[in-house]
Amino acid sequence: MARVVVDVMLKPEILDPQGQAVQRALPRLGFDGISDVRQGKRFELQVDGPVDEAALARIHDLAESFLANTVIEDFTVRVEEVAEVAEAAK
Amino acid sequence: MTARIGVVTFPGSLDDRDTQRAIRLAGAEPVALWHKDKDLHQVDAVVLPGGFSYGDYLRAGAISRFSPVMETVIEQAKAGLPVLGICNGFQVLTEAHLLPGAMLGNDHLHFICRDQKLRVENAETAWTGDYRAGQEIHIPLKNMDGRYVADAYMLDKLEAEGRVVFRYLDFNPNGSLRDIAGITNEAGNVVGLMPHPEHAVEPLIGTGRTDGLPFFTSILKKLVNA
């Protein structure tokens, strides 16, 4: 079993008022020197069976047609081995 | 025989009944359509109403776009069936790629509800024949995700082809690019807009104006004359 992570971000040219609101709060919280914040979405897909090329291709299609709207968003797909996750949790 | 106009109810639709009522007031027969039913029951046109279909999770309209009824709506719209998307319905139409561009959260991050002044830019679509080009109307607007965006190439194309159907006047309520409130597809049978014409069809309600009624009389006339 493996985990596949799909990260979705608004394209750079699209205004991100959520990110801007977060960025504007930073100086008030004492965080200086952060000139821009953009907020995205992360999907964690728990995949049964092997994450081979075919499975990844299907997830890529899923991300492209559903998880992201490619008119306004970019996305990346990557595999996160569950063993690593277990290791990190120790 | 009067025209039959379908109104889809998705889980989370809010304005389906108001839309049915507006259709009845215009003199057509409203037909309730269910999101799980692929059959359009021989309607002559379809309205996708406002609301928060499937909770607007993921993105507004993104989940409803894959509902069974939309399979048929998408296929029929491409074949010329008149389809109107109001607010959430507009979001569904962009997610379904029946209309170009996308809808994003309002630039001020707040829900907004107001009487909105609009200019009718295109009175040639299936849904706007009873307006005059250049006419200024007041229609209620209420949304969270009403910011219309498209790339510069598409915006120029929409303008050049007269496909911007409505523009916000005096005040841009959500940061929509080029003050766009509503657009149409190339054929003019699919129209989407953020403001709610179905809430402006009776003189006793709201501003007392009935500026939304021509949407429903336009389509009726178009269907009867077809």
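This report walks through a predicted two-chain model, from confidence to interface to annotated site.

Some ground rules: residues are numbered from 1 along each chain as its sequence is written, and chains are lettered from A and ligands numbered from 1 in the order in which they are written. As the model is predicted, local features need pLDDT of at least 70, side-chain atom pairs count only at pLDDT 80 or more, and totals for chains, interfaces and linings use all residues, while side-chain values use heavy atoms, with hydrogens and water left out.

**Confidence.** For the complex, the predictor gives an ipTM of 0.87 and a pTM of 0.93.

**The interface.** Chain A brings 16 residues into contact (heavy atoms within 4.5 Å) with 15 residues of chain B. Buried area here is the accessible area (1.4 Å probe) that two parts lose on being put together, summed over both. By that count the two chains bury about 1200 Å², with 70% of it on carbon and sulfur atoms. On the chain A side, Pro17(A), Phe66(A) and Asn69(A) lose the most area to chain B, together 41% of what that side buries.

The polar side of things comes to 5 residue pairs in polar contact across the interface, both residues at pLDDT 80 or more. That term means a pair of N or O atoms within 3.5 Å; within protein, one must be able to donate a hydrogen and the other to accept it, and residues adjacent in sequence count only if both atoms are side-chain atoms. Helix H1 (17-25), strand E2 (41-47) and helix H2 (53-67) of chain A each supply at least two residues of the side touching chain B; helices (H or I, at least four residues) and strands (E, at least two) are DSSP runs, numbered from the N terminus.

**Salt bridges.** The rule asks for a side-chain nitrogen of Lys or Arg within 4 Å of a carboxyl oxygen of Asp or Glu.

| Pair | N to O distance |
|---|---|
| Arg59(B) and Glu73(A) | 3.7 Å |
| Arg3(A) and Glu44(A) | 3.8 Å |

Arg3(A) sits in strand E1 (residues 2-10) and Glu44(A) in strand E2 of chain A, so this pair ties together parts 41 residues apart in sequence.

**The annotated site.** An unreviewed UniProt entry puts "active site" at Cys87(B), His196(B) and Glu198(B). These residues spread over 112 residues of sequence yet cluster in space, the largest C-alpha distance being 10.9 Å. UniProt positions follow the numbering used here, feature names are shortened, and annotations may be inferred rather than shown by experiment. His196(B) falls in the loop between strand E11 (190-193) and helix H5 (213-225) of chain B.
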